[in-house]
Amino acid sequence: MDFAKPIRSGPVLVTGGAGYVGSHAVRCLQANDIDVVVVDNLSTGFERLISAPLEVCDLRDKEGLFDVMRRHKPRAVMHFAARCYVGESVRDPLGYYETNVIGAWNLLSCMKEVRCQTLVMSSTCAVYGVPQSLPIPDDHSRRPISPYGRSKLAVEFLAEDFSRAYGFRVGRLRYFNAAGASQDASIGELHEPETHVIPLVMRATQPGAQPFTIYGTDYDTPDGTCIRDYVHVEDLADAHLLALKRCEDHGGFACNLGTGRGFSVREVISSVERVTGLHVSYRTGDRREGDPPILVSGGRFAGDVLGWRPKRAELDRIVEDAWRFEQTQTSGGKAP
Ligand SMILES: NC(=O)c1ccc[n+]([C@@H]2O[C@H](COP(=O)([O-])OP(=O)(O)OC[C@H]3O[C@@H](n4cnc5c(N)ncnc54)[C@H](O)[C@@H]3O)[C@@H](O)[C@H]2O)c1
């Protein structure tokens with residue numbers, strides 16, 4: 001066993017740094033004078049979202065990854081790279097386990113080889129499955145109900161075992177619904193296909209666009225639609241910086257990242273109409289299998305121990321930032 005002191009020099013290697021959450025974390029690290037190198041295969045990410053050195057590399061290519069790690073000698077890794085669509089994971093579990101689990105296994109093995117033992121990793125509230133208690137505490141039982149959630153839980157287990165056996169310091173951050181965009185509207189959510197509620201609702205304000213579908217209007221919630229905890233992507237990025245410091249100074253941990261406040265799908269629609277001044281066209285559909293009625297974070301670790309305070313928790317604020325970014329996509333990259 002090697003419980004060496006953390007390395008304090010070298011860049012932070014960010015896997016999936018060209019993606020939605022990763023690109024905001026890259027910005028946050030750079031704003032705090034931390035060198036970054038991004039590893040991404042650009043399968044769902046975009047080079048234009050980052051201004052950091054980029055190593056185009058697939059995590060499933062262990063040799064390639066090892067070469068990158070050997071050259072950059074990172075002090076720590078932030079791991080975002082993954083496939084993250086629940087529905088797709090049901091149709092293609094092989095692909096999901098390959099990227100999420102084998103990719104993470106390669107990453108942790110290479111870290112061990114180059115003696116980099118600090119890892120901050122994206123996990124998800126999907127590891128909890130159907131909540132047994134609400135709001136969901138940090139130590140809620142983990143019983144995921146999709147291949148996506150199970151693949152992310154497998155990575156948590158892998159990281160926990162590496163911590164016990166090899167002294168890794170791993171921060172496992174279980175996000176709720178990442179949303180919003182950078183305040184300057186230069187980076188934001190560019191998923192294709194888009195599955196997240198806020199961008200889909202915003203698109204349904206456009207003339208000729210597909211109406212937004214509300215899946216399920218008969219849930220046991222005040223207005224019958226699902227309730228989710230939306231967390232601003234810049235707040236998530238701040239949490240990663242705090243998590244890195246916590247891991248380096250005190251060792252690993254696991255916690256939720258949510259605001260503790262939930263909003264229904266109908267409330268999201270109202271917020272988008274308020275912020276944009278446009279009408280959202282929508283229709284109602286049946287419930288989707290595996291959609292719990294309410295997912296809201298009740299975790300206290302992030303606030304009490306990391307000192308994380310979401311600064312952009314208001315739904316309208318999240319939608320405003322997302323909307324400003326969405327408009328840059330149709331106005332040649334300039335914020336309106
Ligand atoms: N967006 C959310 O609401 C949310 C919620 C909970 C957890 N998460 C987790 O956060 C992380 C980031 O999510 P996101 O929304 O930014 O996704 P994203 O698709 O925007 O980003 C993922 C990035 O990883 C890269 N990537 C994928 N497979 C790769 C591979 N094999 N090798 C190298 N790079 C690869 C992609 O090109 C992309 O840049 C994921 O781990 C996801 O499970 C996201």
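1. Which residues touch the most other members of the largest nonpolar core? They are Leu29, Met78 and Leu257, in a core of 36 residues. A nonpolar core here is a set of buried Ala, Val, Leu, Ile, Met, Phe, Trp, Tyr and Cys residues joined through side-chain atoms within 4.5 Å. Buried means under 20% relative accessible area, exposed over 50%, and partly exposed in between, with a 1.4 Å probe and protein chains only.

2. A word on the source: this is a predicted model, in which local features need pLDDT of at least 70 and side-chain atom pairs count only at pLDDT 80 or more, while totals for chains, interfaces and linings use all residues. Residues are numbered from 1 along each chain as its sequence is written, and side-chain values use heavy atoms, with hydrogens and water left out.

3. Helix 7 gives the largest share, eight residues. Helices (H or I, at least four residues) and strands (E, at least two) are DSSP runs, numbered from the N terminus.

4. Strand 1 is worth a look from both sides. Val12 and Val14 point one way, Leu13 and Thr15 point the other way, and all are buried. In a regular strand the side chains alternate between the two faces of the sheet. Strand 1 and strand 2 run parallel and are joined by four bridges; two strands pair if DSSP finds at least two bridges between them. Valine 14 has valine 38 of strand 2 as its bridge partner.

5. A separate open sheet has three strands in the order 12-9-14, with mixed pairing. Strand 12 (263-264) and strand 14 (294-295) stand at the edges with a single partner strand each, so one side of each has no neighbour in the sheet. Strand 9 (residues 227-228) pairs with strand 12 in the antiparallel sense over two bridges. Arginine 228 has phenylalanine 263 in strand 12 as its bridge partner.

6. The ligand is surrounded by 31 residues, and the closest are Val21, Asp40, Thr44, Tyr148 and Lys152. A residue is near a molecule if one of its heavy atoms lies within 4 Å of it. The shell divides into 14 nonpolar, 13 polar and four charged residues. In this count Ala, Val, Leu, Ile, Met, Phe, Trp, Tyr, Cys and Pro are nonpolar, Asp, Glu, Lys and Arg are charged, and the others, Gly among them, are polar. Strand 5 gives the most to the shell, three residues.

7. Two single residues remain. Glutamine 117 sits in the loop between helix 4 (93-113) and strand 5, and is buried at a relative accessible area of 8%. A polar atom of its side chain lies 2.9 Å from the backbone oxygen of tyrosine 166. Proline 147 belongs to helix 5 and counts as buried at 11% relative accessibility.

Terms used. Polar contact = N/O pair within 3.5 Å; in protein donor to acceptor, adjacent residues only side chain to side chain.
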